[in-house]
Amino acid sequence: MAVADRERWDARHAAAGAAGAGPSPAPPDALRGREALLPAPGRALDVACGRGTVAVWLAARGFAVDAVDVSPVALDAARALADREGVGERVRWWAHDLDAGLPGAGPYDVVVCQRFRDPARYPDLAARLAPGGLLVVTVLSQVGEGPGQFRAPAGELRAAFGDLELLHHVERDGEASLVARAPLTSATRSSRR
Ligand SMILES: C[S@@+](CC[C@H](N)C(=O)[O-])C[C@H]1O[C@@H](n2cnc3c(N)ncnc32)[C@H](O)[C@@H]1O
């Protein structure tokens, strides 16, 4: 990412902070009303975590969270939120440019990527999932909004994650969301019986 683009994100996050109310922990939008799909606490990855609302929500549910974003301003706000909620020990904040790939090896029981779209990263998201792990993705969509450089064409998420078990998929009003689960390996299946 160009320095100017990172600075633009920093400025947006700084403006959100200056606007008053700090971030609050919140589930990923695609999981609202579907929280029962969340597996037992394990490891979670929040990709392009912004000001940490989802990462801190996961940490408050007992997950050990790795959270990645390019903006140090966003990560400072996220760190402050985690400390305020008493879960600072449970989150690792990574300042990293996703243009250079996804850091960390996983496997993760939950991978969230909300409102950051880079189709080149889709295979990495799926590859970081543990057997039976949950993927939660929301991106801007052309469906209900029309073409746009940063918007996913219809069917993009479903096609990209076709190897996973689809639990929820919706495309409307300019957003596309998908919740899906990685297959269990045969070894995992028998150990869970
Ligand atoms: C629209 S915000 C979404 C933040 C958060 N996921 C949420 O739902 O509130 C997009 C985030 O992606 C981050 N971002 C954009 N490009 C990035 C890149 N190349 N590498 C890492 N983070 C990036 C921005 O700093 C910003 O926090």
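**Starting point.** I am working with a predicted model.

**The ligand.** I looked up what surrounds the ligand and found 16 residues. The closest are His13, Ala48, Asp69, Leu98 and Gln114. I then sorted this shell by class: seven residues are nonpolar, five are polar and four are charged.

I went through nitrogen atoms of the ligand next. A backbone N or O atom of Gln114 lies 2.7 Å from a ligand nitrogen. For Asp97, a polar side-chain atom lies 2.9 Å from a ligand nitrogen. Asp99 also places a polar side-chain atom 3.4 Å from a nitrogen of the ligand. I checked the cover as well: the ligand taken alone exposes 600 Å², and the protein buries 87% of that.

**Largest pocket.** Where does the ligand sit? I find the ligand in the largest pocket. The volume of this pocket is about 1200 Å³. I count 32 lining residues, with Trp9, Arg12, Ala48, Arg115 and Phe116 closest to the centre. Helices H1 (3-18) and H2 (53-60) and strands S4 (108-114) and S5 (129-140) each give two or more residues to the lining. H1 gives the most, with six. By class, I note 15 nonpolar, six polar and eleven charged residues in this lining.

**Second largest pocket.** I moved on to the second largest pocket, which holds about 160 Å³ of space. Its lining includes Asp29, Arg34, His168 and Glu175. Strands S6 (165-172) and S7 (175-181) each supply at least two lining residues. S6 has the largest share, three residues. I sorted this lining too: two residues are nonpolar, two polar and five charged.

Conventions. Residues numbered from 1 in each chain as written. Predicted model: local features only at pLDDT ≥ 70, side-chain atom pairs only at ≥ 80, totals over all residues. Heavy atoms only, no water. Near = heavy atom within 4 Å. Polar contact = N/O pair within 3.5 Å; in protein donor to acceptor, adjacent residues only side chain to side chain. Areas by Shrake-Rupley, 256 points an atom, 1.4 Å probe, with all protein chains shown as cover. 1 Å grid on protein atoms, 1.4 Å probe; cavity = no way out; pocket = protein on both sides within 12 Å on 5 of 7 lines; lining within 4 Å. Sits in = over half its atoms within 2 Å of the grid points. Nonpolar A, V, L, I, M, F, W, Y, C, P; charged D, E, K, R; others polar. Points joined across faces, edges and corners; volume = space filled by probe spheres on them. Helix = DSSP H or I, 4+ residues; strand = E, 2+ residues; numbered from the N terminus.
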